[in-house]
Amino acid sequence: MHTGSSSQVKPDPIQVKICGITTVDDGWTCVNLGADAVGLVFYPPSPRFVSLEQAVHIVSGLPPRVAKVGVFVNESYDTIMHTVSSCRLSAVQLHGQESPELVERLAKNAIVVIKCLYLSGQPGLDAVSSYNAPAFLVECSAGKLPGGNAKIWDWSAARDFAKRYPTIIAGGLTPENVAQAIAAARPSAVDVSSGVESVPGRKESRKVREFISAVHQSTLKNPTRRIF
């Protein structure tokens with residue numbers, strides 16, 4: 001047994017989720033550049049929406065090491081679990097007004113459940129005590145669609161929350177500002193979509209590379225919690 005006191009346990013690095021993947025090529029680009037998770041949006045109004053067939057095609061070739069996250073808005077338990085099973089998803093991200101009961105029911109399956117809470121929307125951060133979720137995504141709720149809508153917000157407002165709960169921050173993140181966001185919020189993971197795109201739904205490899213590099217170069221004194 002090692003008993004030396006000079007070494008410290010190195011905390012897990014901050015994880016990166018690239019959301020809104022719509023093609024096989026983009027999925028592989030993100031994996032090869034070091035993403036920990038890719039997100040597939042199953043919400044028809046989104047410009048990054050993918051059908052079940054598209055999602056199966058995208059996910060089927062990706063390696064086990066990357067988490068495959070389905071993003072849903074106010075869907076039923078049966079619909080979510082059918083999608084999870086069909087696409088072999090490892091996590092679900094809930095962006096609507098899903099009930100605590102649904103979250104708890106989903107969490108009983110062998111998947112990670114991420115509930116989105118909003119700084120200036122509903123459900124708000126104060127609803128966290130109602131949700132028995134393994135992890136939370138925090139963003140500001142600005143714009144017509146559920147989610148961050150590429151709006152920059154005061155990431156430091158999530159800092160106290162991130163101290164207490166496994167937290168992903170999203171909304172307005174880019175390669176240029178993600179280090180600032182990490183320093184302000186001290187999350188366990190970050191989630192980006194439009195900030196690494198050339199057009200909605202298509203990722204740009206240079207931006208993905210720069211984003212992930214900026215995250216990996218960020219250092220936190222507090223330990224992070226592995227989410228994916």
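In what order do the strands close into a barrel, and is their pairing parallel or antiparallel? In this predicted model, 8 strands close into a barrel in the order β1-β2-β3-β4-β5-β6-β7-β8, and the pairing is parallel. Neighbouring strands of this sheet are turned against each other by 25° on average, with direction ignored.

**Strand pairing and a helix on the sheet**

- Strand β3, which covers residues 67-72, pairs in the parallel sense with strand β4, residues 91-94, over 4 bridges, and F72 stands opposite L94 in β4.
- Helix α7 (residues 205-217) packs on the sheet, where it touches β1 (15-18) and β8 (189-192), and the direction of α7 makes about 155° with that of β1.

**The contact of α2 with α3**

- The axes of helix α2 (residues 52-60) and helix α3 (residues 77-87) come within 9 Å and cross at roughly 35°, and the crossing in which α2 passes α3 is right-handed.
- On the α2 side the contact is made by L52, A55, V56 and V59, which meet H82, T83, S86 and C87 in α3; the residues of this contact divide into 5 nonpolar, 3 polar and no charged.

**Helix α6 and its surroundings**

- In helix α6 (residues 178-185) the buried residues are V178, A181, I182, A184 and A185, and, seen down the axis of α6, these buried residues fall within an arc of 165°, so they line one face of the helix.
- The buried residues of α6 pack against α5 (159-164), β7 (167-170), β8 and α7.
- R186, which comes just after α6, takes a positive phi of about 55°.

Technical notes. Residues are numbered from 1 along each chain as its sequence is written. This is a predicted model: local features need pLDDT of at least 70, side-chain atom pairs count only at pLDDT 80 or more; totals for chains, interfaces and linings use all residues. Side-chain values use heavy atoms; hydrogens and water are left out. Axes are lines fitted to C-alpha atoms, for helices over the stretch in contact, and angles run from 0 to 180 degrees between N-to-C directions. Helices (H or I, at least four residues) and strands (E, at least two) are DSSP runs, numbered from the N terminus. A crossing is left-handed if the near helix is turned anticlockwise from the far one by less than a right angle, and right-handed if clockwise. Contact means heavy atoms within 4.5 Å. Ala, Val, Leu, Ile, Met, Phe, Trp, Tyr, Cys and Pro count as nonpolar, Asp, Glu, Lys and Arg as charged, and the others, Gly among them, as polar. Two strands pair if DSSP finds at least two bridges between them. Buried means under 20% relative accessible area, exposed over 50%, partly exposed in between (1.4 Å probe, protein chains only). The arc is that of the directions from the helix axis to the C-beta atoms.
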